[in-house]
Amino acid sequence: MSTAPSRRTILGLGAAIAAQAALPTFTAHAAPSRPSASPLVPAGTASTLWYPEPADEDLLIEQGLPLGNGRIGALVGGDPAHEILHVTDASLWTGGANTALDADGQFPYGREDFGSFTLLARLTLSLPGHERTAVDSYRRTLDLSNGLVTTTYTKNKIRYIREMFASAADDTIVIRLRQSGGGTLTGAIVLSGTHGETTVADPGRQLAAFSATLTNGLRYAAAVTAAADGGVVAAKGSRVTFTECTEVVIVISGGTDYAPDHAHGYRDPAADPLALAEDKARAAALVSGAVLLDTHVADYRSRYDRLTLDLGPSSAKQRRMDTWTRLKARAADTTADPELEASYLQFGRYLTICGSRDGLPMGLQGLWLEGNTPDWMGDYHTDVNIQMNYWLSDRAGIGETFPAFAEYCLAQLPAWSRVTQQQFQDSRNRYRNTSGKVAGWTVAFSTNPYGGLGWWWHPAGNAWLCESLFEHYEFTQDTAYLARIHPLLKGACEFWEARLITTTVDGQEVLIDDHDWSPEHGPQDARGITYTQELLWSLFGHYEEACRTLDRDLEHAATVSKLRERLYLPEVSPKTGWLEEWMSEDNLGETTHRHLSPLINLFPGDRIRPDADDAATLKGATALLAARGMESYGWACAWRAACWARLKNADKAYQLLLTNLRPWAGGDTGTAMNFFDMYRVSDTRAIFQIDANLGTPAAMLEMLVYSRPGHIELLPALPDAWAASGTLKGAGARGGFTVDVTWERGRVRGATLHSVGGRTTTVTWGGRSRTVTLVPGQSMELL
């Protein structure tokens, strides 16, 4: 597309250049450098999901395809005549600080007090005469390799192409309409708010926008504009229209005045969301659609291309199937479909790249909603879900998606510390400290972006969050990052210094957790629960290592180290043969409960492992995992799969992957048409929860590479379905490395280790072992 005069109807040329030079931004992205050539992966080699029909508008959460740039996202349906986009901004949250406990000792947990993640807008693109019954050769595709959703079809021998993407570089969502064969495009764009806003068009700028303020004071706005080659673009009432154009570029932007700043009430007082939305949309519309696409793809692929995976070839018959048919065929047939399974892992990476950048982290539904009432408010759950959302980042070569999680915790820390020290000892809190003392910080089971907590207090939530935060350091060996999270580690340790109590076990004094709950079942007043004891063992060790590495708080680290030495560690029950979940020989909860709380140091922790000198604990943990069963919610199956991978049981880990890949069609759980993980909450309703989509690929990578600082094992749990041949390149390994490995007939045939900060580690495979020393940036072929 050329920069024809029609582009200049948006801004005068001089004003356009000045406006682009001085544009304020919602985020800290620098102005993009524009690539000179198309970086697109060709259609024949790109990894794609595809469908022969558009999504049902009423089932968009199950059938719509996701877009996102880490801040704004959309679900798109692909209807030729009536395209629908559900548009989100990660910071458009109702609610607030929510600091007061209710009569039952809980933080209120509703949409008005705690708050909820909500939609920013709905956008409708209408193309009269393009109804599904009037077009042929329809196909919609999610191109994972290029970060692109495409809809193509033929009408009256003219080929129409609709490309949609969420550009991080331009901070917008773009819809590019093209045709080949001498046709034109005529249609209308309607931008609607979801909270009663009024959209107003600006005829002079060919733009429509709205702005408003939530009852909590959060200001927000959205805008849409269009530019075209040929024809006319106009705006009137609440619509933007285009008439007899040969190509059209539609640009959507929006945002809020949210800021990760506790001191200013999590607001940016200088922000003008409406001006920002309009300026960003207009600036992007000045650029041709081809250049916008190339800029987006270059940025997206700079992350996506870091990991490649080949699990072996699928059959020609499987490749000819559309994605939904293929999912159903895999469930009905014992024939493996390695390319489908590889694409499921890459879909998880796609969601992570789209959902996490330098804004808020991914909550229960990532960036994607079907309405303003998501289950559990679409919040940040701290007893596995937000942690699972980030298991994939470093393992999958996209570690720069992780800091959104860390920066969120840092931004919330002042609020969490204040409310912990003001409210944790409230007499209504069933988990308050027997000591009467309180220090540091912890969280409730649910958190929001305003420092607010919801539901019950979750004493060990601080240690669980710190487990994930420290693991990112293990992957990167980034001491500047470690210094950033040090206050979180220290404050969590201070909380437990005030909370731990002394008891006697077998004549020896030990330290145990106070009244607590093993998420999310069993007694709510148990002491010394395995979940917490294991998390504290890890937290105290991580804090000691951080202090030693940073050469700070060494005296405090020594105190915490002594506490760690006195911690009670769980035993195996002589009655059940399982690792005890409580300090009891009896099982006090549900045998097949969804959570694996007592196995947290099997995965993601490392205290319990096959090569540790503790066969009894390993046997008890294995027995407990087996008792939990092989059927549960998607996220629970993902956790089980990761645990079985740690135990080197490839068959069970792979079986759980297939369980999550079962096509969802009204059953309890499974994969929807669009690859979203769904599970039923009633006979008439199911919900999407993103953690399984991210946790299952993490488990798949654990099957191929196990790592902890100082040790890497290749192909620890390779299933028969992938054993014939395969290649993995760019997988992250703790200790500061990435790994490339190829295999044939279940045996490693080639391996290369790359240092991203690590220096020495031991690599094992197939009974062989090699200790490698590198400097950061160096690589070595192992065989």
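**Helices and their packing in a predicted model**

Just after helix 16, Lys-648 takes a positive phi of about 65 degrees. This is a predicted model, in which local features need pLDDT of at least 70 and side-chain atom pairs count only at pLDDT 80 or more, while totals for chains, interfaces and linings use all residues. Residues are numbered from 1 along each chain as its sequence is written, and side-chain values use heavy atoms, with hydrogens and water left out. Helices (DSSP runs of H or I, at least four residues) and strands (runs of E, at least two) are numbered from the N terminus.

**Helix 16**
- The 13 residues of helix 16 (residues 634–646) should span 18 Å at 1.5 Å a residue, and its end C-alpha atoms are 19 Å apart, which agrees; the expected span is 1.5 Å times one less than the number of residues.
- Helix 16 is mostly covered, with 13 of its 13 residues buried, where buried means under 20% relative accessible area with a 1.4 Å probe and protein chains only.

**Helix 4**
- From its first C-alpha to its last, helix 4 (residues 289–304), with 16 residues, reaches 22 Å, close to the 22 Å expected at 1.5 Å a residue.
- Among the buried residues of helix 4 are Gly-289, Leu-292, Asp-294, His-296, Arg-303 and Tyr-304, and the elements that cover its buried residues include strand 7 (148–155), strand 16 (247–256), helix 3 (273–285) and helix 7 (338–355).

**Helix 7 with helix 18**
- Helix 7 and helix 18 (residues 691–704) pack at an angle of about 125 degrees with their axes 9 Å apart, the axes being lines fitted to C-alpha atoms over the stretch in contact and the angles running from 0 to 180 degrees between N-to-C directions.
- The two helices, helix 7 and helix 18, are therefore oblique to each other, since angles under 35 degrees count as roughly parallel, over 145 as roughly antiparallel, 65 to 115 as roughly perpendicular and the rest as oblique.
- Residues making the contact (heavy atoms within 4.5 Å) include Tyr-344, Phe-347 and Leu-351 of helix 7 and Leu-694, Pro-697 and Met-700 of helix 18.

**Helix 11 with helix 13**
- Helix 11 (residues 461–476) and helix 13 (residues 530–550) pack at an angle of about 45 degrees, with their axes 9 Å apart, and that makes helix 11 oblique to helix 13.
- Where these helices meet, the residues include Trp-464, Phe-470 and Tyr-473 in helix 11 and Leu-535, Leu-539 and His-542 in helix 13.

Definitions and conventions. Buried means under 20% relative accessible area, exposed over 50%, partly exposed in between (1.4 Å probe, protein chains only).
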